[in-house]
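Q: Hey, I've just opened this one and I'm new to it. Can you walk me through it?

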Amino acid sequence: MSSSLINIGMQGVRASQAGLAVTSTNISNINSQGYSRQTVTQYSSATYGVTTSSVSRIADQYAVKNLQTQTSVYQESSTKLQLAQVLDELVSGSTTSISDSISSFFASVNDAISDPSDKTSRSLVLSNAQELSGIFNQVNDTLLGQQSDINDTITSSVTSINSLTTSLADLNSQISSAYNQGQSVPDLEDQRDEVIRQLSEQVGVHTADAENGMVNVYLNGGDALVAGVTSTNLNVVQGEYDKNQLDISIGNSTTSISSKISGGALGGAIEYRDEILNPTINQVGQLAMTFSESVNSVLEQGVDLNGNAGQALFDPALSGSYTVSNRVLASSNNDGSASGTLTFPTGWDPSTLTSSDYSVRYDSGTGEYTITRSSDGSEVASGAGPGFTVDGFDLSFSGTPSDGDTFLIRPTYSFAGELSTTDITSQELAFAASGSTTDVSGDNSNGQLLADLQNSSIVDGSLSFEGAYSQIIGDVGGYASKASMAEESNATLLSSAQDIRDSVSAVSEDEEAANLIKFQQAYQAAAQVISAAQQAFSTLLSAIS
């Protein structure tokens with residue numbers, strides 16, 4: 001009898017020790033990120049006494065996955081907001097205001113044509129033209145600088161993602177091995193959930209349970225990052241068209257999957273680049289093109305103070321002489337040898353120029369190229385070519401294309417960085433009309449046409465130059481405002497998701513303190529059972545001796 005009591009007492013001691021150990025572990029991990037409180041279940045033994053189960057964690061997988069999802073969504077919106085705020089400050093700032101510089105240029109033109117012979121006022125026109133081209137350059141350089149920053153973000157994020165997925169595959173291996181041996185590993189499961197949460201900060205993912213307690217991890221676009229004990233790396237590759245714009249591929253493939261990336265810092269950076277940064281670079285380039293071409297066109301039709309034909313004020317002069325191939329970008333996946341060139345014909349109309357990119361695809365079945373405007377998806381031209389006229393510019397192809405070859409056309413991208421003034425002198429500003437019968441020093445009729453450009457609807461055929469820049473400010477400001485609201489809303493949702501997860505899994509200081517006392521008392525009581533059994537056994541021995 002005493003032997004049975006001793007065994008029962010020992011079982012009670014061991015159960016209490018297990019409870020104390022789990023409680024102590026919970027208390028010491030109260031501030032550990034991602035830790036789920038642990039518990040050990042006690043149940044009555046069939047042969048009297050108590051038995052303990054293995055240690056398990058208290059976790060609601062819905063709450064865990066919801067926290068991972070909200071982490072990804074918040075980080076995406078936070079990344080967009082940070083980038084958008086920089087862009088908003090750039091386009092709306094007084095030191096880089098293209099609109100203010102355009103206004104100053106036309107103010108100096110109006111001053112100069114009030115007395116066309118005054119060399120000082122003419123010199124101010126040149127000075128303001130130089131300042132304006134410098135502002136265009138500065139804004140463009142800053143925009144491209146942000147493009148470079150995004151490249152750095154992509155590279156850094158991919159490095160982090162690959163490190164985290166390697167850790168996940170290793171954790172899967174350890175958990176699977178423990179499952180095969182019938183062991184529970186709540187600490188490893190917590191570590192894995194936390195690594196997935198950290199991964200969600202970088203990119204949007206979803207998970208699926210696999211055999212032996214393992215978890216598979218997929219990009220939101222469907223590609224597997226972790227399958228059992230195997231992880232697949234993401235790669236940073238040069239853009240399919242623009243080698244200065246980095247993209248993402250997966251595994252051994254070099255094909256970009258950037259369009260399938262969403263969520264996290266990586267998804268936020270890529271979406272920001274595609275949604276607002278590249279379009280803004282195009283819009284600023286369009287403004288630089290239409291402004292410089294309009295000014296040059298008016299000046300070239302006039303006569304200067306020396307009686308000579310007017311000259312261009314801005315470089316590069318587009319009409320009939322601007323021929324470039326770096327605005328027609330061939331896909332790195334093309335099999336053919338075809339290449340393209342973009343030109344602006346003599347006398348082209350700047351009001352027909354859009355800020356859109358264009359895509360070109362060759363079909364060997366029909367032997368035709370198809371040109372689509374990206375902004376609205378409209379097919380704007382098709383045929384065997386090799387030449388096409390599209391929205392103010394000419395496009396020509398040479399070489400031999402293969403079926404499915406594609407090209408990206410960017411007529412205005414980063415043109416603001418190319419703009420400069422010519423070496424024209426103040427006397428060579430053509431304010432007089434060609435064929436004027438009056439003294440050219442007193443003729444300002446062509447200068448008046450130049451001044452009239454300020455309020456002309458030229459950009460997109462409907463906006464003045466300053467109106468077009470106001471639209472850029474509005475587009476960027478609207479994007480930044482939307483990003484701010486999304487970030488604020490998603491911060492609330494993330495906090496709520498964390499609270500929900502913690503309401504189930506977080507360690508309660510008060511609860512664990514109570515458990516500590518409970519198990520201490522149980523331990524002491526079990527020890528008393530052992531002591532009582534020993535005393536009974538000693539009494540029995542004394543009686544029979």
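Q: Let's start inside. How many residues does the largest nonpolar core have, and which have the most contacts inside it?
A: Keep in mind that this is a predicted model. Its largest nonpolar core has 106 residues, and I98, L234, L266 and L313 are those with the most contacts inside it.

Q: Which element gives the largest share of this core?
A: That's α4, with 18 residues. As general background, nonpolar side chains tend to be buried together in soluble globular proteins.

Q: What is L234 in contact with, leaving aside its neighbours within four places in sequence?
A: Quite a list: V158, I161, N162, L219, L225, I248, S249, I250, I257 and L266.

Q: Let me pick L219 from that list. Where does it lie, and is it buried or exposed?
A: L219 is part of strand β4. It counts as buried because its relative accessible area is 2%, under the 20% cut-off.

Q: And what does L219 touch, again leaving aside neighbours within four places in sequence?
A: L219 is in contact with V203, G204, V205, H206, L225, L234, I257 and I261.

Q: How far is L219 from S464?
A: Their C-alpha atoms are separated by 45 Å, and the two residues are 245 apart along the chain.

Q: Back to helix α4. What span should it have, going by 1.5 Å a residue?
A: α4 runs over residues 119-180, so its 62 residues should span 92 Å. The C-alpha atoms at its ends are 91 Å apart, which agrees.

Q: What follows α4?
A: G182 does, and its phi is positive, near 75°.

Q: At what angle do α2 and α4 pack?
A: About 175°, with the axes of the two helices 11 Å apart; α2 covers residues 61-92. An angle over 145 degrees counts as roughly antiparallel, so that is how α2 sits relative to α4.

Q: Which residues make the contact?
A: From α2 you have L83, V86, L87 and L90, and from α4 there are V139, T142, L143, Q146 and I150. By class, seven are nonpolar, two are polar and none is charged.

Q: What about α3, how many residues does it have?
A: Helix α3 has 17 residues, 98-114. From first C-alpha to last it reaches 25 Å, close to the 24 Å expected at 1.5 Å a residue.

Q: Which residues in α3 are buried?
A: I98, S99, S101, I102, F105, F106, S108, V109, A112 and I113. I98 also came up among the core residues with the most contacts.

Q: Where do P316 and P386 lie?
A: P316 is in the loop between β10 (314-315) and β11 (323-324). P386 is in the loop between β16 (378-383) and β17 (387-390).

Q: Which residues have a positive phi although they are not glycine?
A: N212 has one of about 55°, and D391 has one of about 45°. In general, most residues other than glycine have a negative phi.

Q: Where are N212 and D391?
A: N212 lies in the loop between β3 (205-209) and β4 (215-219), while D391 is in the loop between β17 and β18 (393-398). N212 counts as partly exposed because its relative accessibility is 31%.

Conventions:
Residues are numbered from 1 along each chain as its sequence is written. This is a predicted model: local features need pLDDT of at least 70, side-chain atom pairs count only at pLDDT 80 or more; totals for chains, interfaces and linings use all residues. Side-chain values use heavy atoms; hydrogens and water are left out. Helices (H or I, at least four residues) and strands (E, at least two) are DSSP runs, numbered from the N terminus. The expected span of a helix is 1.5 Å times one less than its number of residues. Axes are lines fitted to C-alpha atoms, for helices over the stretch in contact, and angles run from 0 to 180 degrees between N-to-C directions. Angles under 35 degrees count as roughly parallel, over 145 as roughly antiparallel, 65 to 115 as roughly perpendicular and the rest as oblique. Contact means heavy atoms within 4.5 Å. Ala, Val, Leu, Ile, Met, Phe, Trp, Tyr, Cys and Pro count as nonpolar, Asp, Glu, Lys and Arg as charged, and the others, Gly among them, as polar. A nonpolar core is a set of buried Ala, Val, Leu, Ile, Met, Phe, Trp, Tyr and Cys residues joined through side-chain atoms within 4.5 Å. Buried means under 20% relative accessible area, exposed over 50%, partly exposed in between (1.4 Å probe, protein chains only).
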